[in-house]
Amino acid sequence: MARTISKKHLLAGLAAAGVLGVGIAVPTVAFAENPTPTPSASSGEKDSGRQERRAQRQAEFAEALAKELGVPTEKVTAALEKLREQHKADRPQRPSAEERQARLKERLAQAVKDGKLTQEQADAITKAVEAGVFPGGGGHGPGGRGLAGK
């Protein structure tokens with residue numbers, strides 16, 4: 001007894017296969033285009049490569065903008081650099097890791113004084129931040145590049 005596949009079932013099967021194929025292909029392509037850096041690469045090498053890529057993107061942006069506006073690329077580059085410097089001057093200076101750590105300790109001491117935390121809890125928070133348990137924490141754990149703070 002031959003069994004025929006209805007058009008509805010055939011289309012559903014093809015759609016499922018397509019979704020599955022895309023679900024497998026996209027991460028594979030993304031991984032191939034953005035390989036994970038090797039552990040031997042030093043922080044300085046990564047920063048240097050990042051700065052070079054950023055400079056390249058900025059140059060491409062300036063060139064495209066110059067072409068769109070019909071002005072020389074050098075003029076657009078100079079204007080963008082001027083605006084970047086003005087923005088940098090207007091931006092408040094980010095506190096150092098030591099300043100952020102001192103502020104955290106002050107806030108924790110106040111919380112202990114107000115009865116919101118025990119000293120043991122405050123010490124545990126400080127230790128966790130220094131170990132990098134929290135994003136932006138002081139250690140080199142997840143997100144740990146220095147103490148985060150406001």
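**A salt bridge and a charged patch**

Author: Arg-84 has a relative accessible area of 30%, which makes it partly exposed; that class lies between buried (under 20%) and exposed (over 50%), with a 1.4 Å probe and protein chains only. This is a predicted model, in which local features need pLDDT of at least 70, side-chain atom pairs count only at pLDDT 80 or more, and totals for chains, interfaces and linings use all residues. Residues are numbered from 1 along each chain as its sequence is written, and side-chain values use heavy atoms, leaving out hydrogens and water.

Reader: Which side chain meets Arg-84 in a salt bridge?

Author: The side chain of Glu-81 does, at 2.7 Å, N to O. A salt bridge here is a side-chain nitrogen of Lys or Arg within 4 Å of a carboxyl oxygen of Asp or Glu. Glu-81 is also partly exposed, at 35% relative accessibility.

Reader: How many residues apart are Glu-81 and Arg-84 in helix H3?

Author: They are 3 residues apart, so about one helical turn separates them.

Reader: Which helix gives the most to the positive patch?

Author: Helix H2, residues 43–69, with 3 residues.

Reader: And how many helices and strands has the chain?

Author: The protein chain has 5 helices and 0 strands; helices are DSSP runs (H or I) of at least four residues, strands (E) of at least two.
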